[in-house]
Amino acid sequence: MRYSKEHKQETHARIVKKASVRLREKGAHGIGVADLMKEAGLTHGGFYAHFDSREALVIEAFAYAMDRSIEHWRKIAAETPAEKRLSTIIDSYVSPVHRDDPGRGCAVPALGAEIARESAKTRKAFAAKLEQLIDVMADQIPDVPRKTARRQAMGTLATMMGTLVMSRVAGSGELSDEILLAGREAALARATATKKARAKVN
């Protein structure tokens, strides 16, 4: 049976979406192609009709996950007063809900350490999406030179992502909650410092 181009595109998108969740939950090597295709309702043999390699799927799935994060942050920015955008992004990111649902959360704390050991092609794709995330964060830091905003965004993101990794390592008990609270306070302190610096300039 020959399927239409639209059907193939829909199937491809379904595989990528499913993979993006499972990779964040299980890790880059935590689930095999056969199991992934089965979860998507397809046979193992159909995989190469959609992807040249497992690496190609990992790159697409990671890009899909990062695009969802970028869209989420842009949505927050569009719906939140300018002075509260950065703190709202931090609050939504450094939270028990995000910690406890890696499959639908940011891909960097879920996969970053593994991607760092992948091929140059995979790392390059990962870095490009990370830079987009930095740019979205920097967009929420107005009234300073762009270079300054990007540097501030990098520091804030590093704090947020590191906090999430540590809180997951600690589990979901008291220590994990303390790590989330401390990381949130540190990230918010960076945002406050930026506002104070802008106020002095003005």
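Me: Before anything else, which side chains count as positive and which as negative here?
Reply: Lys and Arg count as positive, Asp and Glu as negative. His and the chain ends are left out of the count. Keep in mind that this is a predicted model.

Me: OK. How many positive and negative side chains does the chain have?
Reply: The chain has 34 positive and 25 negative side chains. The centres of the two sets lie 4 Å apart.

Me: New topic. How many helices and strands are there?
Reply: Nine helices and zero strands. Read from the N terminus, the elements go α-α-α-α-α-α-α-α-α.

Me: What does the C-alpha trace span along its principal axes?
Reply: About 70 × 40 × 30 Å.

Me: And what share of the residues is buried?
Reply: Of the 202 residues in the chain, 40% are buried.

Me: What about the accessible surface?
Reply: The chain's accessible surface is about 11300 Å². Carbon and sulfur atoms hold 55% of that area.

Me: Let's go to the rings. How many aromatic pairs are there?
Reply: The count is three aromatic pairs. One of them joins Phe 62 and Phe 126. That pair is stacked, with 4.0 Å from centre to centre and 10° between the planes.

Me: Where do Phe 62 and Phe 126 lie?
Reply: Phe 62 is in helix H3, residues 54-79, and Phe 126 is in helix H7, residues 120-139. So the pair ties together parts that are 64 residues apart in sequence.

Me: Is Phe 62 buried or exposed? And Phe 126, buried or exposed?
Reply: Phe 62 is buried, because its relative accessible area is 4% and the cut-off for buried is under 20%. Phe 126 is buried too, at 8% relative accessibility.

Me: What about Trp 73 and Tyr 93, how are they paired?
Reply: Trp 73 and Tyr 93 form an edge-to-face pair. Their centres are 6.0 Å apart, with 65° between the planes.

Me: Which helices does that pair link?
Reply: Trp 73 is in helix H3, and Tyr 93 is in helix H4, residues 85-93. The two are 20 residues apart, and the pair links distant parts of the chain.

Me: Trp 73, buried or exposed?
Reply: Trp 73 is buried, at 3% relative accessibility. Tyr 93 is buried as well, with a relative accessible area of 3%.

Me: Last one. Which residue lies over the face of Tyr 64?
Reply: Arg 68 does, at 4.3 Å from the ring centre.

Methods. Residues are numbered from 1 along each chain as its sequence is written. This is a predicted model: local features need pLDDT of at least 70, side-chain atom pairs count only at pLDDT 80 or more; totals for chains, interfaces and linings use all residues. Side-chain values use heavy atoms; hydrogens and water are left out. Rings of Phe, Tyr and Trp (its six-membered ring) pair if their centres lie within 6.5 Å; planes under 30 degrees apart count as stacked, over 60 as edge-to-face and the rest as tilted. Helices (H or I, at least four residues) and strands (E, at least two) are DSSP runs, numbered from the N terminus. Buried means under 20% relative accessible area, exposed over 50%, partly exposed in between (1.4 Å probe, protein chains only). A charge sits over a ring if NZ of Lys or CZ of Arg is within 6 Å of the ring centre and within 35 degrees of the ring normal. Accessible areas come from the Shrake-Rupley method with a 1.4 Å probe; for residues, only the protein chains shown count as cover. The place of a charge is taken as NZ of Lys, CZ of Arg, CG of Asp or CD of Glu.
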